[in-house]
Amino acid sequence: MIDLRRYADREHLLLASYAMHSSDSAGRVKHEPPHAYRGPYGRDRDRILHSSAFRRLSGKMQVFTGEMGTYHRTRLTHTFEVASVARTLARVLRLNEDLTEALALMHDIGHPPYGHCGEDVLSECMHSVGGFSHNQFALTIVEELEQRYHEFAGLNLSAETLAGQDTRAHKSEAAVGRAPLLEVQIVDAADSIAYDAHDIDDALQMGLLSIDSLSELAIIRRAMRRVREKAGELPIGPMRQLLVHELIDLQVSDLLHVSVDLLQTAQGMSAEDVCDAGIRVHHSDTLAAERSELERFLFNAVYRHPRLIPVRESAANRVRVLFDVLSHTPSRLPMRFRRRAESRPLARVIGEYIAGMTDQFCDQQYASLEHSTAGPLADW
């Protein structure tokens with residue numbers, strides 16, 4: 001006979017006192033009876049994983065659009081990489097792995113098409129309604145737009161999973177005062193660790209960066225020393241892959257060493273106590289400075305690379321044209337979004353429609369505008 005109490009007993013044995021225990025969950029907006037053998041955060045993880053929005057991440061590029069090749073990461077592959085790093089952190093720190101994984105799988109679910117430029121353009125187009133935030137849109141998806149259950153709109157996720165994503169949508173406020181749950185903090189750290197290392201991997205593979213130019217950075221020199229100690233001098237291909245591995249390991253190890261010492265002071269405290277005390281995990285001062293140097297370099301050398309500018313401009317133009325046409329002829333919105341526009345600002349609804357698109361779907365709807373001046377576009 002299956003007894004859910006065993007799940008709580010298992011968490012009591014395995015998790016630290018300061019982890020978010022399932023038995024302490026504030027529940028869901030729409031009450032549901034407990035599942036026979038899954039805790040609340042495991043159910044959240046599965047609902048996110050099986051959602052339509054999650055599957056669409058496979059068609060959204062991480063940084064570079066599909067015009068630049070197929071090797072580089074999509075939002076989906078990036079999401080799995082973040083989840084992998086976050087689970088490692090959670091396990092070592094004895095945090096709730098189910099909640100951590102749910103948060104990691106959800107964290108980029110609101111990203112629009114065409115990488116970073118898609119968000120920039122949508123934010124410009126939607127300035128009249130406060131701009132666009134992919135983190136906020138993720139909440140709209142899981143609370144309103146996903147259609148999985150006949151009893152309610154959205155996925156009806158746990159309060160802690162929703163609150164974690166809300167923290168991402170309000171990072172500046174969350175940086176001071178009361179701290180987010182530790183599970184929320186480590187997913188944010190895992191995201192940063194993963195995208196820095198993997199953007200380097202993609203940029204090296206595409207020839208946008210060289211090992212020599214990267215070697216000017218302190219964190220790269222540290223990682224390269226570790227590679228050479230283990231494997232000696234290598235061709236660029238194997239060197240690139242080992243460099244990415246060492247970059248991730250270096251950052252994860254540093255975060256864990258600092259956090260393990262920090263959380264010694266939290267022994268016996270509950271998750272709420274840790275939040276009230278404002279305890280935040282972080283890297284060492286040395287590595288934090290090296291990471292800042294790396295991110296400044298990536299912003300200038302990769303995200304603003306001359307080869308990316310025309311691709312970004314082309315993608316941005318498609319988003320602008322779609323937004324302008326739909327603003328002037330809202331009858332071309334799919335029926336579901338026309339209905340939403342009856343009770344919401346039109347600019348917000350158009351932004352939601354475009355943000356939910358994959359890169360290819362956005363290309364197709366743009367082509368539909370060129371070939372037809374009437375009739376609604378397709379729903380995703």
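**View 1. E352 lies in helix α18.** Helices are DSSP runs of H or I with at least four residues, strands are runs of E with at least two, and both are numbered from the N terminus. This is a predicted model, in which local features need pLDDT of at least 70 and side-chain atom pairs count only at pLDDT 80 or more, while totals for chains, interfaces and linings use all residues. Residues are numbered from 1 along each chain as its sequence is written, and side-chain values use heavy atoms, with hydrogens and water left out. E352 has 5% relative accessibility and therefore counts as buried. Buried means under 20% relative accessible area, exposed means over 50%, and partly exposed lies in between (1.4 Å probe, protein chains only). Leaving aside residues up to four places away in sequence, E352 touches F137, T140, F337, R340 and W380. A contact means heavy atoms within 4.5 Å.

**View 2. Helix α18 (residues 346-355) is largely enclosed by the rest of the structure, because eight of its 10 residues are buried.** The buried residues are A347, V349, I350, G351, E352, Y353, I354 and A355. They pack against α6 (115-125), α7 (134-145), α16 (309-328), α17 (335-340) and α19 (359-371).

**View 3. Helices α6 and α16 cross at roughly 35°, and their axes come within 9 Å.** Axes are lines fitted to C-alpha atoms, for helices over the stretch in contact, and angles run from 0 to 180 degrees between N-to-C directions. The crossing of α6 and α16 is right-handed. A crossing is right-handed if the near helix is turned clockwise from the far one by less than a right angle, and left-handed if anticlockwise. On the α6 side, H116, C117, D120, V121, L122, E124 and C125 take part, and they meet R312, A315, A316, V319, R320 and F323 of α16. By class, this contact has eight nonpolar, one polar and four charged residues. Ala, Val, Leu, Ile, Met, Phe, Trp, Tyr, Cys and Pro count as nonpolar, Asp, Glu, Lys and Arg as charged, and the others, Gly among them, as polar.

View 4. A search of the whole structure finds zero disulfides, a disulfide being a pair of cysteine sulfur atoms within 2.5 Å. C117 counts as buried at 3% relative accessibility, and C125 is buried with a relative accessible area of 18%.

**View 5. I48 and I220 touch the most other members of the largest nonpolar core, which has 109 residues.** A nonpolar core is a set of buried Ala, Val, Leu, Ile, Met, Phe, Trp, Tyr and Cys residues joined through side-chain atoms within 4.5 Å. Helix α10 (residues 182-205) gives the largest share of this core, 12 residues. Residues up to four places away in sequence aside, I220 touches I200, L214, S215, L243 and L247.

**View 6. Y114 has a positive phi of about 70° although it is not a glycine.** Y114 is found in the loop between α5 (97-106) and α6, and counts as buried at 2% relative accessibility. N156, also not a glycine, has a positive phi of about 50°. N156 sits in the loop between α7 and α8 (159-169), and counts as buried at 7% relative accessibility.
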